[in-house]
Structures are given as structure tokens and as C-alpha cells.
Amino acid sequence: MQINETELTALTTQLATELIGAWGVVSIHLGVRHGLYRALFTGPASPGELAQRTGTNERLVREWLIGQSLGGYITENADGRYRLSPEQAMVLAVDDSPAYLGGLTEVLTATVQGQQRIDAAFSSNGALAWGDQNPGLFDGFDRSFGPVYRACLFSQWLPALSGVESKLTAGARVADIGAGHATAITLMAAEYPASRFVAVDLHQGSLDAAAKKAAAEGVADRIRMENASGAEYGGGPYDLITFFDSLHDMGDPEQVIAHAARQVAEDGSVMIVEPMTAEGPDDAAGLFAARLFYPSSAMLCTPSALAGGTTALGNQVPDETWARLFHRNGFTSFRRVAQTPFNRVFEARR
């Protein structure tokens, strides 16, 4: 076997770089979990001061601070104390910032903690129900998606839909399918008090968390929880049906789409939020979002879909595929209405 030394060096360098990133994610998660970034956001601190603020071990905090400074995630002052720049704080300490990524480190850490179950899925039928994944995923995804929903839902996404804002203001009926902790419709229930909402999810634990969140936000009387699949919920016709980063996780998506066509009002809309993607694997090499999402598709999204049915799309579904599925299952209109670097937003109408 002849080895190309240039290619070998490039590959080992790439993997070593990725391993640095993997250790960095674990270290960042420690900072998120123990409130180290939030404590630094209140003002500069020495290792001892930061440990005292957070109730953590000073010796370990010292090592953590050095590593974070080398990675560029915190800044060391000339006096040996550490601080967060405004930009570092937006990414790591301000959890309602649209740039906040601390929740995603929780997702990655929980995925590793659940590796034994994922290994078992790879060695068997590929199925791993969402509710059987490591519980840290549920909070992690909620904390990852929440800042994006707060930043984009009212300023970009809902205004891009056909007449939906006026319906919500006047009083609409809305169903969110695969709602998880229901952050999106909790925000909507607060913004549109005349409307009524249903959070639909198969995972009762997520619905319980959603109910607590709705109560804490003072909108519990506007949101009903329904434990059902995307092909079983009732209560239509709805003026708006939403799928916030959930449709690709569902087995037999055509059944889910056809059921949405039966449940949505004749002049209603279905809003689908999906991860950004290329139109196929051959076009994905240069797309940052695709490199981020394909691994999670293999370990989280596709196993979830296989646990719920016979068809698993994964989280990198091209626009053309979604359009075809909606058009042949009861919808005449399907279009992309908005996007972010990590999201695509579609509207389907009968």
C-alpha cells in the first residue's frame, strides 16, 4: 500500500483540529453548566474570585480559564484576571441572545452520554425513539432553538406567511406538532393573547416541561397539551399548524403531512422550520450547516424517525423533496418564505 504523505498529513491535521474542538465543546459545557461565563459577565475575576462566585473548585477553574483563554472564548487582562468581551458574552453568557450557542454544547454532551443507546441502534434496526435518548438533549435543544425563535419568529418568520399575523391578532387556532418544550408557541401565546394553542408531542416528559413553562409565563390558559403523534392529533380545523424543527424527526412523514392537510383550515397555513441544507450530499461539502447537521442526523434525527415508522428522511432534506411530499399529500402551494444561516422556513397551503 502506497501512502501519499501530503494527504496523510492533511487528514491527521484535520482530525487533530476536530479533536481540539471536541475537547473545547466539553470544556465550554462545563462553563455553561456551572455558570462560569455568566459569573464572568458580571465583571472580571481571578481564578479564586470566579470559584467563589460559582461555588466551584479554584484549582480546576484555574486550568479551565487558561484553556478557555487559549481558545479565544474568554480574555485575560494584564493583571491576570479574566473577563468576557461583549462578543464572547453574546455567544456564551447571554442565553436569550440570537448568537447564544451554549445550549448546543449541552446537546453534544448529552449525545455522547447517550452513546451506548446510539451504538445499539447502529447494530440493530436503527431505531431509537426521541424519548429514549439522553434527557439532557431535551433541555439542550430547547436552549439552542429558543434564542433563534425569539430573534426571528415575530420579526421575520410569521410576517412572511400569508395573512397569519392578522389572524393571530384577531384570535386564531394553532397546533404545534412535535412541540417539545413548546418554547415557540409559548412565545406566540404571550404575543397573541386572543389566540389559542395546542402543543402536540409523543414524549410526555416534554409536555410536562412545556406545561410548567407555560404556567411560569402566565399563558397556561391559552395552551393545551396533547400527547399524540403527528398523524393522530385532533381538534381541527386550525388556522395555523407549525412544525418547529420536528417534521424530519417523524417516521412516515407523508402520513403526517396528509394529516396536517386534513386538520388545517381551508384558508389556513402550515409553517415548517427545517435545518439549512444543500440540495444533496454532493453540494454539501462547502456548506457549514451541512457539516454540522449530518452527524446529528445519523445519531439523533434518523433513529427517531425509524422508531416511529418505516421512512426516515434525516435532517438534510432538500427543498425539492419537501415540495414533492406536500404537493402529493393534500397541498397545492409550498414555498420557502424565510431563512437564517441554520434554518429554512416554509409555508404550505391547501
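Residues are numbered from 1 along each chain as its sequence is written, and side-chain values use heavy atoms, with hydrogens and water left out. Since the model is predicted, local features need pLDDT of at least 70 and side-chain atom pairs count only at pLDDT 80 or more, while totals for chains, interfaces and linings use all residues.

Start with the overall layout. The protein chain is assigned domain 1 (5-92) and domain 2 (152-349), with bounds that come from an automatic or database domain assignment. The centres of domain 1 and domain 2, taken over C-alpha atoms, sit 35 Å apart.

Now for the charges. The structure holds 13 salt bridges, a salt bridge being a side-chain nitrogen of Lys or Arg within 4 Å of a carboxyl oxygen of Asp or Glu. One of them pairs E63 with R59, whose closest N and O atoms are 2.9 Å apart. Helices here are DSSP runs (H or I, at least four residues), as are strands (E, at least two), numbered from the N terminus. E63 counts as partly exposed because its relative accessibility is 44%, and R59 is partly exposed too, at 48%. For these labels, buried means under 20% relative accessible area, exposed over 50%, and partly exposed in between (1.4 Å probe, protein chains only).

Another salt bridge joins R143 and E106, with 3.2 Å between the closest N and O atoms. This pair ties together distant parts of the chain, as R143 is in helix α8 (residues 136-157) and E106 in helix α6 (residues 102-113), 37 residues apart. R143 is partly exposed at 27% relative accessibility, whereas E106, at 14%, counts as buried. R222 and D221 also meet through their side chains in a salt bridge (4.0 Å, N to O). Here R222 is buried, at 18% relative accessibility, but D221 is exposed, at 59%.

With 0% relative accessibility, R344 counts as buried. Its side chain makes a polar contact of 2.7 Å with the side chain of D319. A polar contact is a pair of N or O atoms within 3.5 Å; within protein, one must be able to donate a hydrogen and the other to accept it, and residues adjacent in sequence count only if both atoms are side-chain atoms. The R344 side chain also reaches the backbone oxygen of V317, at 2.8 Å. Finally, a network of salt bridges links R344 with D319 and R336.
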